[in-house]
Amino acid sequence: MRKMIYGSIACEVTVAENYNFFTEVSCEYEKDTIAYAAEHFFTKCRRFRRECTYQSWQHRIAKGKARRPENFTYLIPAILMELPGGWVRLDGNIDAAGVKINRIELLEEHPLLLAGKNSIDVL
């Protein structure tokens with residue numbers, strides 16, 4: 001668990017202890033190392049830090065009824081997280097406590113490029 005701070009707003013980013021891990025590439029890293037890379041990326045990337053802390057803050061100040069957690073899927077180049085492969089897909093949710101990552105996938109190629117390989121070109 002790591003703390004994210006943007007301006008005067010703070011929240012936590014965590015990877016679930018029993019998170020799902022999937023890889024298409026050979027990876028010698030332990031699951032703890034993969035989780036650390038994901039948490040570290042969120043705390044260092046300004047865009048994600050700003051958006052996620054703001055959404056978490058909106059959940060905390062919601063009046064009346066409780067808001068449901070917002071699900072997200074981010075597709076990030078693996079090199080930015082210093083992980084093997086071409087792309088990393090993160091699935092999780094944002095609630096009043098912060099960001100919780102439930103699934104991490106290491107992908108060889110971008111999923112849209114893989115979809116194109118299975119299609120038949122008609123001239």
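**Entry 1: a pair in a helix**

I began with arginine 47, which counts as partly exposed because its relative accessibility is 47%. For my own reference, buried means under 20% relative accessible area, exposed means over 50%, and partly exposed is in between (1.4 Å probe, protein chains only). Glutamate 51 is also partly exposed, at 27% relative accessibility. These two form a salt bridge, with the closest N and O atoms 3.3 Å apart. I used the term for a side-chain nitrogen of Lys or Arg within 4 Å of a carboxyl oxygen of Asp or Glu. Glutamate 51 and arginine 47 are four residues apart in helix α2, so about one helical turn separates them.

A note on the source: this is a predicted model, where local features need pLDDT of at least 70 and side-chain atom pairs count only at pLDDT 80 or more, while totals for chains, interfaces and linings use all residues. Residues are numbered from 1 along each chain as its sequence is written, and side-chain values use heavy atoms, leaving out hydrogens and water.

**Entry 2: the other salt bridges**

How many salt bridges does the count come to? I get three by this rule. Arginine 89 forms one with glutamate 105, the closest N and O atoms being 3.5 Å apart. Arginine 89 lies in strand β4 and glutamate 105 in strand β5, so this pair ties together parts that are 16 residues apart in sequence. Glutamate 105 also meets arginine 103 in a salt bridge, at 2.9 Å from N to O. Shared partners join Arg89, Arg103 and Glu105 into one network.

Is glutamate 105 buried or exposed? I noted it as buried, at 7% relative accessibility. Arginine 89 is partly exposed at 22%, and arginine 103 is partly exposed at 31%.

**Entry 3: the sheet**

Next I traced the strands, taking helices (H or I, at least four residues) and strands (E, at least two) as DSSP runs numbered from the N terminus. Two strands pair if DSSP finds at least two bridges between them. Five strands form an open sheet with mixed pairing, in the order β1-β2-β5-β4-β3. β1 (2–6) and β3 (70–77) are the edge strands, each pairing on one side only.

I then went through the pairings. β1 and β2 run antiparallel with five bridges, and arginine 2 has valine 13 in β2 as its bridge partner. Two residues lie between β1 and β2 in their hairpin, and glycine 7 in the turn has a positive phi of about 65°. β2 pairs with β5 in the parallel sense over eight bridges; here valine 13 is partnered by valine 99 in β5. β3 and β4 (residues 87–94) run antiparallel, joined by eight bridges, with asparagine 71 opposite asparagine 93.

**Entry 4: the helices**

I checked the length of α2 (residues 46–61): at 1.5 Å a residue, its 16 residues should span 22 Å, and its end C-alpha atoms are 22 Å apart, which agrees. The expected span is 1.5 Å times one less than the number of residues.

Which residues of α2 are buried? I listed Phe48, Arg49, Cys52, Thr53, Ser56 and His59. They cover an arc of only 115° around the axis, which puts them on the same side of α2; the arc is that of the directions from the helix axis to the C-beta atoms.

Last, the buried residues of α1 include Ile34, Phe41 and Phe42.
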